[in-house]
Amino acid sequence: MKDLTVLPANLPVPEDDGACDHLKGMRFPSVPLIATSGNKIDIGSNQGAVAIYFYPLIGRPDSPPMLGWNEIPGARGCTPQSCSFRDLYSEFKGLGVSLYGASSQSHLEQAEASKRLHLPFELVSDASFELASALRLPTFEYNSSVLIKRLTLVLVNGIIEKVFYPVFPPNENAANVIAWFKENQA
């Protein structure tokens, strides 16, 4: 079994290609998505502070190696990123921030990952790319699958106030988001 919680050394660093420049100041769309709880969640209707991180896919320790995955800038690190949000979840709650993770993985894949990683927040499945298309999020292809690039959005009353893109290293993303909230909340 492979340990997906550890990032290998010398991963390629993703560069800012401008693919998220249009997001700041945009209203987050109303797109109900199936969450790991089995309920539909409309993140765009949330009032208050929200952080939502998008990730390509959370791997399974018992799955075969993903050839070439580590060579794709920004691809590796979904498990460490999710675990860092899990580990800092109480700080997000203490700041009054609702937290979500999102990917194009199926509801069943996300439910398995959420249970295995003991995530105390919802993951939402955008398998139909309805949300990703509405936001015009950057994607990439791997083995004939289209995946959402790693990024994190901070919403305040439904408006995107901060965009973290590219995110690297992924295991530091949660701490960076908390630092932003502490610096920017009135």
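User: Rings of Phe, Tyr and Trp (its six-membered ring) pair if their centres lie within 6.5 Å; planes under 30 degrees apart count as stacked, over 60 as edge-to-face and the rest as tilted. Which residues do ring pairs link into a cluster?

Analyst: This is a predicted model, in which local features need pLDDT of at least 70 and side-chain atom pairs count only at pLDDT 80 or more, while totals for chains, interfaces and linings use all residues. Residues are numbered from 1 along each chain as its sequence is written, and side-chain values use heavy atoms, with hydrogens and water left out. Linked by ring pairs, the members of the cluster are Tyr53, Tyr55, Phe85, Tyr89, Phe92 and Phe121.

User: How far apart in sequence are the parts that the pair of Tyr53 and Phe121 ties together?

Analyst: The structure holds eight aromatic pairs. Tyr53 and Phe121 make an edge-to-face one, at 6.0 Å centre to centre and 75 degrees between the planes. Tyr53 belongs to strand S3 (residues 49-54) and Phe121 to the loop between helix H3 (107-117) and strand S5 (122-125), so the distance in sequence between the parts they tie together is 68 residues. Helices (H or I, at least four residues) and strands (E, at least two) are DSSP runs, numbered from the N terminus.

User: And for Tyr89 and Phe121, how many residues apart are the parts in sequence?

Analyst: This aromatic pair is tilted, with 6.0 Å centre to centre and 35 degrees between the planes. Tyr89 is in helix H2 (residues 89-94) while Phe121 is in the loop between H3 and S5, so the parts tied together are apart in sequence by 32 residues.

User: What is the relative accessible area of Phe121?

Analyst: Tyr53 and Phe121 are both buried, meaning under 20% relative accessible area, where exposed is over 50% and partly exposed in between (1.4 Å probe, protein chains only). For Phe121 the relative accessible area is 5%.

User: Is H1 parallel, antiparallel, perpendicular or oblique to H5?

Analyst: H1 (residues 78-87) and H5 (residues 173-184) have axes 7 Å apart and an angle of about 45 degrees. Angles under 35 degrees count as roughly parallel, over 145 as roughly antiparallel, 65 to 115 as roughly perpendicular and the rest as oblique. That makes H1, relative to H5, oblique.

User: Which residues of H5 does H1 meet?

Analyst: Contact means heavy atoms within 4.5 Å. From H1, the residues involved are Gln81, Ser84 and Phe85, and they meet, in H5, Asn173, Ala174 and Val177.

User: How many residues of H1 are buried?

Analyst: Cys78, Thr79, Pro80, Gln81, Ser82, Cys83, Ser84 and Phe85 are the buried residues of H1. They pack against S3, H2, S4, H3, S8 and H5. H1 is mostly covered: of its ten residues, the number buried is eight.

User: Which residues does Ser82 contact, leaving aside neighbours within four places in sequence?

Analyst: Ser82 is part of helix H1 and is buried, with a relative accessible area of 0%. With those neighbours left aside, Ser82 is in contact with Tyr53, Ile58, Leu117, Leu119 and Phe121.

User: How far apart in space are Ile52 and Phe28, C-alpha to C-alpha?

Analyst: Ile52 is in strand S3 and is buried at a relative accessible area of 0%. Not counting residues up to four places away in sequence, Ile52 touches Phe28, Ile43, Tyr100, Ala102, Leu151, Thr152 and Leu153. Ile52 and Phe28 are 24 residues apart in sequence, and their C-alpha to C-alpha distance is 11 Å.

User: Which residue in the turn of the S6 and S7 hairpin has a positive phi?

Analyst: S6 (residues 139-142) and S7 (residues 145-148) run antiparallel and are joined by four bridges. Glu141 has Val146 as its bridge partner in S7. Two residues lie between the strands, and the one in the turn with a positive phi of about 50 degrees is Asn143.

Definitions and conventions
Axes fitted to C-alpha atoms, helices over the stretch in contact; angles between N-to-C directions. Pairing = 2+ DSSP bridges.
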